[in-house]
Amino acid sequence: MSTTTETTKTKSIWWVVNAIVLLYAFIPVVWIISLSLKPDATLNDGSFLPTKVTSEHYEAIFANDSFTRALINSIGICLIATFIALIVGTMAAYAVARLDFPGKSLVVGVSLMIAMFPQIALVTPLFKILTGIGLFDTWLGLIIPYITFALPLAIYTLSAFFREIPWELEKAAKMDGATPYQAFRKVIAPLAMPGVFTTAILVFITCWNDFLFALSLTSSERSRTVPAALSYFTGATTFEKPTQTVAAAAVVITIPIVIFVLFFQRRIVAGLTSGAVKG
Amino acid sequence: MSVTAPVDERTEDESAAIARQRHSEGKKAERRLGLMLVAPAAILMVAVTAYPIGYALWLSFFRADLRTPDDNEFVGLDNYITVLSSDIWWKAFGFTLLLTVVSVVFELILGMALAIVMHRTIVGRGLVRTSALVPYAIVTVVAAFSWRFAWSQGIGWLAGDSAPLTGQWSSFWIIVLAEVWKTIPFMALLLMAGLALVPEDLLKAASIDGASAWQRFWKVTVPLIKPSILVAVLFRTLDAFRVFDNIYVLTSGANETSSVSIVAYNNLMRGLNLGIGSTMSVLIFLAIAIIAFIFIKLFGAAAPGSDEGRR
């Protein structure tokens, strides 16, 4: 057997394997898209792909305000939470990765504990506190917990990135008379931007995904985010079965994040695996 | 690379008293800056979580029911006795534990397979790596709805005429499927990072010595990537034990498919029984702490981030 047929054969085997991975990743996605396109009459045909296609369910979810409102809430809350978590997390991660200060292991330990703590345990107290200070069912009432629970992830990922940055440059800057703060702002921060950006993506996905807080710490359209809104979906009118409407709404909130992921794939992989395992 | 200590020692060895003093001033400035930079994050984390954690603990010793707000009183360990002798709790506990073990086992096996495919494939590597991330990024609730409809009688392409989400065991496997589908990529990525560290030469040498692919995997690769396996399994176990979203959407805990988080949620937000709900929350936390402890003691898994402080 010649080597060319050998490689062709290996290649085709790999294509089959790849095809299996693609099927695994996309079948549920294709199914929910297909469902969202099915007209009512064919909803119960049980077929994987729609036999007839309609866009009425997409029109329906945007026809009334509640879904658009939830979408705006989700985008606004997640962007603000990501932004603040990044600033605060970058500062802390720099200190953890680069500086020697008392209580460092305490900070790492506490953030680890928060990451492991069952969030369900915090829902009641947070609910009571937020009600008490009048932040229940507001943007801020969700932003604050999101920042808190994004911080351990941000600190962990960012400090792994920061360790990769060449020390010498900072030292050189200090030798040229820069204060530690200047060295941080002018030398390290620009070098760290790729890591910060990666962390931003991960934090944003985490916030966008949250269901438990969104469900328990909101009570109206004022601040309910999309994942929670989905579970309250009853269709555009009370007489309509919500199945395809839920599917359509699900597609709308999925497509942006899928595009996002496809676009930043490399960075996400780098972020998830950075510092996770190093010999 | 990032070890500071030897550098400091060298400075002290070589330098005179002045240099040492300047050095210690630098140290002081470094400490001050370190504390300053870390303070906002630390304060925020403590402010948002310390009081709630303490409050949950405190509530767990009280009869606190929002339906009878005037009847709050200290009951000692009564709530714990009530929960620990309740059938609902132990059924949910057993269900959660079984769900955790089964999902993590499947995730590990399939995640390893996916990691190897992503690492080894010679065609369409970018395509495979990118699409494998899709399940990770999809909102859990959306994926859960996709599975729920797929298994709904009449509507779903998988269900046909049966209604699997109305039975306990069939629901169990659907929840496992939803969990596993969603988290294989996470597992695979952590494992792939480990695979990247296995030296090619070692595998080639083993291959020349006549080791089969299977033997190379078990005798060379697995021992070398054991740290990544342990970290991945630990992360996932802690997460799986807290499962909430998937069950909430798929069954809402009907037909005895409640996880501990669902039971606690029902007591807190639906039943408004804060005392009992908080007790359950504390017990979930204890269970997670015990799982983490066992992992670290038994397998010597590095606690996630523990190398952070050391390096």
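How many aromatic pairs does the structure hold over all chains? The structure holds 30 of them, where rings of Phe, Tyr and Trp (its six-membered ring) pair if their centres lie within 6.5 Å. This is a predicted model, in which local features need pLDDT of at least 70 and side-chain atom pairs count only at pLDDT 80 or more, while totals for chains, interfaces and linings use all residues. Residues are numbered from 1 along each chain as its sequence is written, chains are lettered from A and ligands numbered from 1 in the order in which they are written, and side-chain values use heavy atoms, with hydrogens and water left out.

**The interface of chain A and chain B**

- The contact (heavy atoms within 4.5 Å) takes 102 residues from chain A and 93 residues from chain B.
- About 9000 Å² is buried between chain A and chain B, with 78% of that area given by carbon and sulfur atoms; buried area is the accessible area (1.4 Å probe) that two parts lose on being put together, summed over both.
- Between the two chains the count is 1 salt bridge, a term for a side-chain nitrogen of Lys or Arg within 4 Å of a carboxyl oxygen of Asp or Glu.
- K27(B) forms a salt bridge with D100(A), and the closest N and O atoms of this pair are 3.9 Å apart.
- On the side of chain A that touches chain B, the largest share, 17 residues, comes from helix α1 (residues 3-37) of chain A, helices being DSSP runs of H or I with at least four residues, numbered from the N terminus.

**Pairs within chain B**

- F106(B) and W173(B) form an aromatic pair that is edge-to-face (planes over 60 degrees apart), with 6.4 Å centre to centre and 85° between the planes.
- Because F106(B) lies in helix α4 (residues 87-120) of chain B and W173(B) in helix α8 (residues 168-195) of chain B, the pair ties together parts that are 67 residues apart in sequence.
- D87(B) forms a salt bridge with K91(B), the closest N and O atoms being 3.6 Å apart, and both residues lie in helix α4 of chain B, 4 residues apart, about one turn of the helix.

**Annotated transmembrane regions**

- UniProt, in an unreviewed entry, places the feature "transmembrane region" at several spans of chain A, including residues 71-94 and 106-127, although such annotations may be inferred rather than shown by experiment.
- Residues 71-94 of chain A are 100% helix and 0% strand, with end C-alpha atoms 34 Å apart, whereas residues 106-127 of chain A are 86% helix and 0% strand, with end C-alpha atoms 27 Å apart.
- For chain B, the unreviewed UniProt entry lists residues 33-58 among others, and this span is 100% helix and 0% strand, its end C-alpha atoms lying 36 Å apart.

How values were computed: Helices (H or I, at least four residues) and strands (E, at least two) are DSSP runs, numbered from the N terminus.
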